[in-house]
Amino acid sequence: MGAGRYRGAPVNGAPPRLMADAMLGKLARWLRTLGYDCAFEPSITDDELLKRAIDEGRVILTRDTLLIQRRAARGKTIFIESDLVSDQLKELSKRFEINATGFLTRCLRCNIPLEDLGKDSARDKVPPYVFATQERFSICPRCSRVYWGGTHKARMIEEIERMLKG
Ligand SMILES: [Zn+2]
């Protein structure tokens, strides 16, 4: 069926702002990890989900066949077929440019872009070992959670890229 196909013109092939339904929390978290804007409110009704998507100009990622059939949802949803998050990312990557260049640039909890945090300002906000071994830190302007690349950043990015290709 044609419902769910996003026909807008994505900027530079990047995905539009997204919103995941209650069944796609893992995918939402991965998308945020990769730096993509993906709202996730698992406890709202379908009506509220649709309203928020429309208000905020988001495309809904959903596994709900009833939702995609609703008139109000027409052209605003992408139906995700797979159960597995790696396959779900691959499904999306056929539609949009999905890559790891924005890795850890967005708060996983608040879904908003992180801000740079100077090393000195990070001193009392992270464990001493982390402070001693990391040079770059960022902070969420809303929840103040501090992020750093960590030693496995490069490996994770490789894993994600392999997942998208494989
Ligand atoms: Zn946050």
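This is a predicted model: local features need pLDDT of at least 70, side-chain atom pairs count only at pLDDT 80 or more; totals for chains, interfaces and linings use all residues.
Residues are numbered from 1 along each chain as its sequence is written.

**Exercise 1. Describe the chain as a whole, from its elements to its domains.**

Step 1. The chain holds 7 helices and 7 strands, where helices (H or I, at least four residues) and strands (E, at least two) are DSSP runs numbered from the N terminus. Read from the N terminus on, their order is β-α-β-α-β-α-β-α-β-α-α-β-β-α.

Step 2. Along its principal axes the C-alpha trace spans about 55 × 35 × 30 Å. Of the 166 residues, 24% count as buried; a residue is buried if 20 or more other C-beta atoms lie within 10 Å of its own, exposed if 12 or fewer, and partly exposed in between, with C-beta atoms placed from the backbone.

Step 3. Among the contacts with a separation of 6 or more, 55% come from residues 24 or more positions apart, two residues being in contact if their C-beta atoms, placed from the backbone, lie within 7 Å.

Step 4. The domain assignment gives domain 1 (11–93) and domain 2 (115–165), with bounds that come from an automatic or database assignment. The C-alpha centres of domain 1 and domain 2 lie 27 Å apart.

**Exercise 2. Work out how helix α1 packs against helix α4.**

Step 1. Two packed helices are described by the angle between their axes and the distance between the axes. Helix α1 (residues 25–33) and helix α4 (residues 85–93) pack at an angle of about 60°, with their axes 10 Å apart; axes are lines fitted to C-alpha atoms, for helices over the stretch in contact, and angles run from 0 to 180 degrees between N-to-C directions. That angle makes α1 oblique to α4, since angles under 35 degrees count as roughly parallel, over 145 as roughly antiparallel, 65 to 115 as roughly perpendicular and the rest as oblique.

Step 2. On the α1 side, Lys 26, Leu 27 and Trp 30 meet Val 85, Gln 88 and Leu 89 of α4. By class, this contact has 4 nonpolar, 1 polar and 1 charged residues (Ala, Val, Leu, Ile, Met, Phe, Trp, Tyr, Cys and Pro count as nonpolar, Asp, Glu, Lys and Arg as charged, and the others, Gly among them, as polar).

Step 3. The buried residues of α1 are Leu 27, Ala 28, Trp 30, Leu 31 and Arg 32, and these pack against β1 (18–20), β2 (38–40), β3 (59–62) and α4.

**Exercise 3. Examine the positive phi angles of Leu 104 and Asn 111.**

Step 1. Most residues other than glycine have a negative phi. Leu 104, although not a glycine, has a positive phi of about 50°, and Asn 111, which is not a glycine either, has a positive phi of about 60°.

Step 2. Leu 104 lies in the loop between α4 and β5 (115–117), and Asn 111 is found in the loop between α4 and β5.

Step 3. Leu 104 is buried because 21 other C-beta atoms lie within 10 Å, and Asn 111 is buried, with 21 other C-beta atoms within 10 Å.

**Exercise 4. Decide whether Met 156 is buried, exposed or partly exposed.**

Step 1. Met 156 is found in helix α7 (residues 153–165).

Step 2. With 15 other C-beta atoms within 10 Å, Met 156 is partly exposed.
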